[in-house]
Amino acid sequence: TEHLKTMVKRAQELDWMVLLHFGNVDEIIGQMQLLENMPINFVIDHQGRPLGGGSTSTKGFQSLLNLVKHTENCWVKLSSWYRQSQIGLPYDDMRPFIEALMEARPDRLIWGRNWPHPNFNGAMPNDADLLQQIIDWAASPELAKKILGDHPAILYRFPVSGS
């Protein structure tokens with residue numbers, strides 16, 4: 001916790017955001033107070049690392065949903081769900097988690113492909129398939145466009161053409 005507070009202070013001084021990796025989604029529970037009071041934008045990577053085949057009603061995942069629903073500066077990166085999948089291709093045991101996040105706060109989601117898939121010992125995923133999967137899992141083509149392009153542009157303050 002102290003390391004995170006120090007990192008956040010430094011990031012705030014630089015007008016940066018922070019990217020957070022958790023070992024599993026239950027670790028979010030113990031950090032809720034700090035996360036709820038975070039003074040800068042932060043991204044929770046790998047959808048918080050819920051375990052495929054598990055329930056979206058676990059305390060850890062519900063904490064993540066509440067956090068993203070009730071804060072304006074919490075973002076979630078949809079990436080590497082193949083790592084948490086317990087069934088492998090086509091990783092459908094992860095779909096309920098992705099859809100729950102899309103339903104909870106679609107305007108605070110970004111996508112990442114996690115190439116070159118470091119420290120992954122399973123069958124190497126095809127990035128085009130992962131991209132297509134997030135498009136298919138999105139409730140609409142418009143939501144997919146936002147997750148893939150519009151939201152990262154907002155979060156990372158990419159220049160918008162014409163402005």
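**Exercise 1.** Determine which residues of helix 5 are buried and what covers them.

*Solution.* Step 1: the buried residues of helix 5 are Phe97, Ile98, Ala100, Leu101, Met102 and Ala104; buried means under 20% relative accessible area, exposed over 50%, and partly exposed in between (1.4 Å probe, protein chains only). Helices (H or I, at least four residues) and strands (E, at least two) are DSSP runs, numbered from the N terminus.
Step 1: these residues are covered by elements including helix 3, strand 3, helix 4 (81-84), strand 4 (109-111), helix 6 (127-137) and helix 7 (141-155), where contact means heavy atoms within 4.5 Å.

The model is predicted: local features need pLDDT of at least 70, side-chain atom pairs count only at pLDDT 80 or more, and totals for chains, interfaces and linings use all residues. Residues are numbered from 1 along each chain as its sequence is written, and side-chain values use heavy atoms, with hydrogens and water left out.

**Exercise 2.** Check the span of helix 3 (residues 59-70), and state what its buried residues pack against.

*Solution.* Step 1: the expected span of a helix is 1.5 Å times one less than its number of residues. Helix 3 has 12 residues and should therefore span 16 Å. Its end C-alpha atoms are 16 Å apart, which agrees.
Step 1: Gly60, Phe61, Ser63, Leu64, Leu65, Leu67 and Val68 are the buried residues of helix 3. They pack against helix 2 (32-36), strand 2 (42-44), strand 3 (74-78) and helix 5 (95-104).

**Exercise 3.** Is Asp26 buried, partly exposed or exposed?

*Solution.* Step 1: Asp26 is located in the loop between strand 1 (18-20) and helix 2.
Step 1: its relative accessibility is 43%, so Asp26 counts as partly exposed.
Step 2: the C-alpha atoms of Asp26 and Ser63 are separated by 8.4 Å, although these residues are 37 residues apart along the chain.

**Exercise 4.** How many aromatic pairs are there, and how is the pair of Trp81 and Trp137 arranged?

*Solution.* Step 1: rings of Phe, Tyr and Trp (its six-membered ring) pair if their centres lie within 6.5 Å; planes under 30 degrees apart count as stacked, over 60 as edge-to-face and the rest as tilted. The count comes to 5 aromatic pairs.
Step 1: Trp81 and Trp137 form a tilted pair, 5.5 Å centre to centre with 45° between the planes. Because Trp81 lies in helix 4 and Trp137 in helix 6, the pair ties together parts that are 56 residues apart in sequence.
Step 2: Trp81 is buried at a relative accessible area of 1%, and Trp137 is buried at 4%.
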